Structure formats: C-alpha cells, structure tokens
Amino acid sequence: GLDYIIVEKMNRVKKRLSGVVFIGIALMLMANSGGSPGGKTGSPGDKKVSCATNGGCHGPKTPNSQELISTTIPASGYMPGSEYTITISAILSGKSRFGFELVAEDSTGEAKGSFVGNSEVNASGNRATHRFQGTNGSGQKTWNIVWKAPAIPSGDLTFYAAVLAANDNGTTSGDEVILDNEVVKQSSTASISDFLDRQISIYPNPV
C-alpha cells in the first residue's frame, strides 16, 4: 500500500545519504593521506589543537602519549644554521597506516628552523608531514627528517609531533592520535660567539 511505498522511498533516501557520507569520509581520508592539513601538532602555536582534540576528526578525544621524537642534536645544544636529523618513531599494534606532523617552536609558540623533504616526507618551510609513500606500516612506523636550525640564535626550542595511527578500514573509527614533545637547547658556545660577533667593535680600525 501507500505506507509500504513511503517506507521504501525513505530507505532508498537513507541509503543514498549514507553513500554520500561514506564518499565524503573516503575523500577526506584520501586528501589527508598525502599530508596533514596543518596546525594539528597540539603545540602552543597550534593552540593545542590536534586531530583528536577540539573537534578533531580522528581517534578518541584524549590523544595517546608516547615517546615519538629522537634527534641527533647533541646534549650541548644545536648550532644555528646547522642540520640535524629528527626521527619520529611510533609503535601501535594493529595499525597499518600512519601519518605525522612536526614543528619546532620557541617559548612564544613561533615556529623556528626549516625541514628538508624526502620520498616519505613533505616539508613546507618550518613544518613537516608525511607523503602518501610514507604512510604504510605494520604496527609501527619511522620517519627521518632533516631539520636546519634557524640561522639566528633562538634559544631553547621544543619539537612537537603528532602521529595518526589508523587501521585503514576506510573510516575514522579505531584510529589513534599520539602526541609528544622534545626540548632541545641552543649551544652556549653559539650564544657567546654570536654575542661577540654582534656586540664588540674596535675603533678606529686599525687601532
């Protein structure tokens, strides 16, 4: 009867809408598979926003914490203008697709230094994220990123990293977001050298 026809039409509409929603999610995932949309590291400069918090699109509302970051910066600190390798390494059982975003910030939340891209890393100025070629993993994933310290001494800096560990089921359900940060010092030798170069002058020259 008429009731049956109405119900059937409603069911068809629901199926079409669910298809549209699924396509929308799939397109979103495909778009982000080539890199983070940006501003999702959970850092002060990003207003502590990540893909899990403040209306994030992945994982639980409370992100996981894990030691993700290691660097080749010595304990004595970084030298301005020098290059170092920053390693991001995440371990999460059952996940097969991984992505990340990385930034270094000073005490005011301003991004410092610049990153160098490679086949698995997309670098854009003072931020780095994953390329599609660098998303596959089996319970773990590691990226190596070259970071060039700022030419002008900037004091102690903090690296902020956010990793998305996904189960690759075509939706955002079951995904996890992991956050970490690592403080690195500026070399005191660099500070003294820079001070001497900039502050001391002799007049007249020659004396």
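**Ground rules.** I took the model as predicted, with local features needing pLDDT of at least 70, side-chain atom pairs counting only at pLDDT 80 or more, and totals for chains, interfaces and linings using all residues. I numbered residues from 1 along each chain as its sequence is written, and side-chain values use heavy atoms, with hydrogens and water left out.

**Open sheet.** I looked up strand order, taking strands as DSSP runs of E with at least two residues, numbered from the N terminus. I counted two strands as paired if DSSP finds at least two bridges between them. Four strands form an open sheet, β2-β3-β8-β5, with antiparallel pairing. β2 (69-71) and β5 (114-116) are the edge strands, each with a single partner, so one side of each has no neighbour in the sheet. Neighbouring strands are turned by 35° against each other on average, direction ignored; the axes are lines fitted to C-alpha atoms, and angles run from 0 to 180 degrees between N-to-C directions.

The β6-β7 hairpin has 2 residues between its strands, and Gly125 has a positive phi near 65°.

**Core.** I searched for nonpolar cores, meaning buried Ala, Val, Leu, Ile, Met, Phe, Trp, Tyr and Cys residues joined through side-chain atoms within 4.5 Å. The largest has 27 residues, and Ile88, Leu102, Ile145, Trp147, Phe159 and Val163 have the most contacts inside it. β3 (83-91), β4 (97-105), β8 (140-148), β9 (157-166) and β10 (176-184) each give at least two residues to this core. β9 supplies the largest share, 5 residues. I listed contacts (heavy atoms within 4.5 Å) for Phe159 beyond four places in sequence; among them are Ile69, Leu102, Phe115, Trp147 and Val184.

**Trp143.** I located Trp143 in β8. Trp143 is buried at 1% relative accessible area, where buried means under 20% (1.4 Å probe, protein chains only). Beyond four places in sequence, Trp143 contacts residues including Ile88, Phe98, Val121, His130 and Val163. The C-alpha atoms of Trp143 and Val121 lie 7.5 Å apart, with 22 residues of separation along the chain. The Trp143 side chain reaches the backbone oxygen of Gly134 at 2.8 Å.

How values were computed:
Buried < 20%, exposed > 50% of the residue type's maximum accessible area, 1.4 Å probe, protein only. Polar contact = N/O pair within 3.5 Å; in protein donor to acceptor, adjacent residues only side chain to side chain.
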